[in-house]
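Work through the exercises below with the sequence and the model at hand. Each task is followed by a solution in steps.

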Amino acid sequence: MTTPPARTRIDLPGISTRAWEHPADRSALVTLRSLSGFDTVLKALSGLLRERQHRLLFLGSAVRVDERQFAKINRLFEEALQVLDTQVRPELFVVQNPLANAVTIGMDKPFIVLNTGLVDLMDEDELRFVLGHEIGHAMSGHAVYQTMLMHLLRIAGNFGWLPVGGWALRALVAALLEWSRKSELSGDRAGLLATQDPEAGLRVMMKLAGGHRLAEMSTGAFLEQADEYESSGDLRDGVLKLLNLELKTHPFSVVRAAEMRDWVVDGDYHSYVEGNYPRREDDKKASLGEEVKAAAKSYKESFDASADPLVKTVRDVGRDFGGAAQSVGQNVSDVVNDIWGRFDGWRRNKAEEPGAAGPDADDPTFQEPTSH
């Protein structure tokens with residue numbers, strides 16, 4: 001069997017996290033930070049969580065990756081770090097856990113944890129995508145909020161029954177969960193830039209959805225499934241999709257696959273791997289207003305193009321309402337103009353009569369104009 005040639009990847013020196021951060025991720029972070037008391041909670045948690053304790057937990061119970069332990073993973077990690085020009089290498093651990101998952105946590109010095117279930121499931125290119133995804137989280141500062149979410153979920157499970165504090169806590173958890181789902185889309189884009197192999201990214205989503213039997217799956221059919229999920233059903237299905245996502249930290253795999261496809265086909269992916277990407281040196285020049293506009297534009301384009309039955313209903317109702325309002329407004333305007341036109345003609349005729357002084361409310365021939 002002939003070994004396929006190694007894929008050539010282009011390093012992206014000085015690349016800014018803005019290159020892969022999904023507009024919805026950035027917008028959600030802005031929303032989170034605007035929540036009343038959010039900064040207070042964040043500061044309180046950062047003092048209570050004992051990040052050193054978490055690192056010691058994995059240092060004592062997992063395997064730290066370096067050139068001597070999990071050497072293949074270490075090589076892939078180094079390659080991804082080089083492509084994304086990471087200035088600080090996060091610590092990387094592999095922990096025995098059959099669940100196919102990875103996480104980036106830590107508020108001061110974030111570190112990455114890979115479950116053995118994920119390592120066993122992926123080939124080299126797919127692991128490189130996963131590592132790039134987690135590096136993207138670390139570079140974007142997502143680990144702070146992931147750590148906060150992790151602990152708030154634990155606290156909510158213990159104290160969420162409290163009648164007042166419980167609801168406030170659930171609101172904050174709900175906001176963090178919504179952000180978490182958006183941040184995964186950013187991580188996927190970082191993974192694509194790290195591996196520069198969109199097929200590998202799609203295979204990761206297929207394996208997360210269907211397991212290791214990749215030979216029994218089809219990329220084309222999987223993406224068709226994503227399109228069907230987006231467009232099929234009626235209003236009830238749109239509502240049920242929202243309910244299904246309510247407590248999820250990640251979007252569904254088919255949705256993530258479609259998002260990656262769209263970014264590769266219609267987005268900035270190819271421009272970025274050709275070297276035309278935003279640089280860290282320009283981050284301070286980036287306008288917050290422009291970022292907000294970009295997020296709003298992204299949401300609008302997504303809303304306008306969405307085939308989701310709930311979104312279509314809202315969009316159609318809005319369009320019908322807007323059209324009806326415009327029609328009604330035009331009719332009212334026409335009626336008023338007609339009435340006042342007649343009144344003005346009547347006033348001019350009266351003014352031309354000898355001794356006329358204009359209309360008088362006491363004149364029985366004068367009728368106050370009304371709209372109908």
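## Exercise 1: The largest cavity

The largest cavity has a volume of about 40 Å³. The model is a predicted one, in which local features need pLDDT of at least 70 and side-chain atom pairs count only at pLDDT 80 or more, while totals for chains, interfaces and linings use all residues. Residues are numbered from 1 along each chain as its sequence is written, and side-chain values use heavy atoms, with hydrogens and water left out.

Task: state which residues line the largest cavity, and how they divide into nonpolar, polar and charged.

Solution. 

Step 1. On a 1 Å grid over the protein atoms alone, a cavity is a set of points where a 1.4 Å probe fits but cannot get out, and lining residues have an atom within 4 Å of a point. Grid points are joined across faces, edges and corners, and a volume is the space filled by probe spheres set on the points.

Step 2. Count. There is one cavity of 30 Å³ or more.

Step 3. List the lining. It is made up of His-22, Leu-185, Asp-188, Arg-189, Arg-256, Glu-259 and Met-260. Helix H8 (165–195) and helix H12 (253–266) are the elements that give two or more residues to this lining. Helices (H or I, at least four residues) and strands (E, at least two) are DSSP runs, numbered from the N terminus.

Step 4. Sort by type. Ala, Val, Leu, Ile, Met, Phe, Trp, Tyr, Cys and Pro count as nonpolar, Asp, Glu, Lys and Arg as charged, and the others, Gly among them, as polar. The lining of the largest cavity has two nonpolar residues, one polar and four charged.

## Exercise 2: The second largest pocket

Task: find which element gives the largest share of the lining of the second largest pocket.

Solution. 

Step 1. A pocket is an open set of points with protein on both sides within 12 Å along at least five of seven lines. The space in the second largest pocket is about 540 Å³.

Step 2. Its lining has 19 residues, and those nearest the centre are Val-88, Pro-90, Asp-108, Lys-109 and Pro-110. Two or more lining residues come from helix H3 (51–61) and from helix H6 (124–140).

Step 3. H3 gives the largest share, four residues. By type, the lining of the second largest pocket has seven nonpolar, three polar and nine charged residues.

## Exercise 3: Salt bridges

Task: locate the partners of the salt bridges of Arg-18, Arg-75 and Asp-123, and say whether each residue is buried or partly exposed.

Solution. 

Step 1. A salt bridge is a side-chain nitrogen of Lys or Arg within 4 Å of a carboxyl oxygen of Asp or Glu. The whole structure has 19 salt bridges. Buried means under 20% relative accessible area, exposed over 50%, and partly exposed in between (1.4 Å probe, protein chains only).

Step 2. Arg-18 pairs with Asp-283, with the closest N and O atoms 2.8 Å apart. This pair links distant parts of the chain, 265 residues apart: Arg-18 is in the segment before helix H1 (23–34), and Asp-283 is in the loop between helix H13 (269–273) and helix H14 (288–305). Arg-18 is partly exposed at 21%, and Asp-283 is partly exposed at 30%.

Step 3. Arg-75 pairs with Glu-79 at 3.4 Å between the closest N and O atoms. Because Arg-75 and Glu-79 are four residues apart in helix H4 (residues 71–83), about one helical turn separates them. Arg-75 is partly exposed at 35%, as is Glu-79 at 24%.

Step 4. Asp-123 pairs with Arg-203, the closest N and O atoms being 3.4 Å apart. Asp-123 lies in the loop between helix H5 (116–121) and H6, and Arg-203 lies 80 residues away in helix H9 (residues 198–210). Asp-123 is partly exposed at 31%, whereas Arg-203 is buried at 18%.

## Exercise 4: Positive phi

Task: say where Phe-70 and Gln-196 are placed.

Solution. 

Step 1. Phe-70, a residue other than glycine, has a positive phi near 50°. Phe-70 sits in the loop between strand E1 (63–64) and H4, and is partly exposed at 36%.

Step 2. Gln-196 is not a glycine either, and its phi is positive, about 50°. Gln-196 is in the loop between H8 and H9, and counts as buried at 8% relative accessibility.
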